[in-house]
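This report looks at the pockets of one protein model and at the residues that line them. Please keep the sequence and the structure in view while reading.

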Amino acid sequence: MSAATAPVSPMLVRLAAEKATGALLRDHGTLYLVDGRVVHAESPAAPGLDVLLTTGGRLPREGWDEAVDRAGAHRAVGRFLVDSGRLHDGELEICHLGAVFDAAFFALSPTSGPTRFRYGVGHWFGTVRPVSAEAVERETVRRRELLDAVWPYAAVDTAPVVPRPAAPGQTVGVRQRALLAAADGRRTPAELARLLGRPAFHTLLDARRLAAAGLVETPLDPAPVPPPPLPAWPAPQVADPDIALLRRLRDALEAHL
């Protein structure tokens with residue numbers, strides 16, 4: 001990220017410079033730091049590493065649960081998965097790094113709520129491969145720009161995915177076909193990501209690509225709220241004229257003509 005670009009999270013930049021250790025809590029997720037570097041991230045909008053590994057078919061659910069039970073209290077779940085032979089070192093690193101960038105994208109989304117940092121707080125998964133705060137911010141910005149370059153309608157990200165009929169001869173790839181097959185007109189991209197065991201950002205990207213191709217509905221921007229109607233002011237009350245008085249005035253004028 002260039003010096004001229006405003007940071008996504010000024011507090012994250014400051015904590016990185018301080019080499020702080022703890023949890024950065026924001027409205028849409030949490031980043032965990034050790035010595036100023038990001039070691040884990042989670043967000044309600046992104047499937048956790050457990051979903052990516054188990055739903056994706058790489059790890060049985062019972063294998064994940066055993067790792068959490070036996071190593072969670074020691075903040076060494078990742079290490080346990082490797083030492084027990086369930087995952088290879090490189091495989092864990094790639095999966096975990098993808099999950100960190102995925103959750104961080106949502107955790108660092110614009111917010112009007114408070115941002116807090118709890119010093120000394122760690123995550124039970126443990127450290128796999130720390131990532132610099134600068135790299136996390138740079139990747140977050142890149143992903144935002146990529147989404148808007150594909151289809152600049154952010155409403156697609158949170159609305160139910162509603163498939164549309166394909167044009168004659170129009171085709172999509174295997175991954176997008178699976179997304180369309182799971183889209184029932186009610187599930188949002190985040191819900192589809194959990195169902196399919198995929199990173200949420202990649203699901204958003206596929207949804208926007210499908211919308212750009214006309215294969216998914218693009219929600220209309222909400223209609224502007226009309227201004228409230230003006231109050232019905234009562235008409236001024238005009239007293240009936242005094243007919244007798246008008247006649248006397250008329251007669252007086254005629255007498256002087």
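This is a predicted model: local features need pLDDT of at least 70, side-chain atom pairs count only at pLDDT 80 or more; totals for chains, interfaces and linings use all residues.

How many nonpolar, polar and charged residues does the lining of the largest pocket have? Sorted by class, this lining has seven nonpolar, four polar and four charged residues.

**The largest pocket**

The largest pocket, with a volume of about 290 Å³, is lined by 15 residues, and those that lie nearest its centre are Phe 105, Phe 106, Ser 109, Asp 157 and Leu 204. Three helices, α5 (89–107), α6 (133–150) and α9 (200–212), each supply at least two residues of the lining, and α6 gives the most, with three residues.

**The second largest pocket**

The second largest pocket has a volume of about 200 Å³. Its lining is made up of 16 residues, of which His 40, Ala 41, Glu 42, Gly 48 and Leu 49 are the closest to the centre. Two or more residues of this lining come from each of β3 (37–42), α2 (49–54) and α5, with β3 providing the largest share, three residues. By class, the second largest pocket is lined by 10 nonpolar, four polar and two charged residues.

| Pocket | Volume | Lining by class |
|---|---|---|
| Largest pocket | about 290 Å³ | seven nonpolar, four polar, four charged residues |
| Second largest pocket | about 200 Å³ | 10 nonpolar, four polar, two charged residues |

Notes: Residues are numbered from 1 along each chain as its sequence is written. Side-chain values use heavy atoms; hydrogens and water are left out. On a 1 Å grid over the protein atoms alone, a cavity is a set of points where a 1.4 Å probe fits but cannot get out, and a pocket is an open set with protein on both sides within 12 Å along at least five of seven lines; lining residues have an atom within 4 Å of a point. Grid points are joined across faces, edges and corners, and a volume is the space filled by probe spheres set on the points. Helices (H or I, at least four residues) and strands (E, at least two) are DSSP runs, numbered from the N terminus. Ala, Val, Leu, Ile, Met, Phe, Trp, Tyr, Cys and Pro count as nonpolar, Asp, Glu, Lys and Arg as charged, and the others, Gly among them, as polar.
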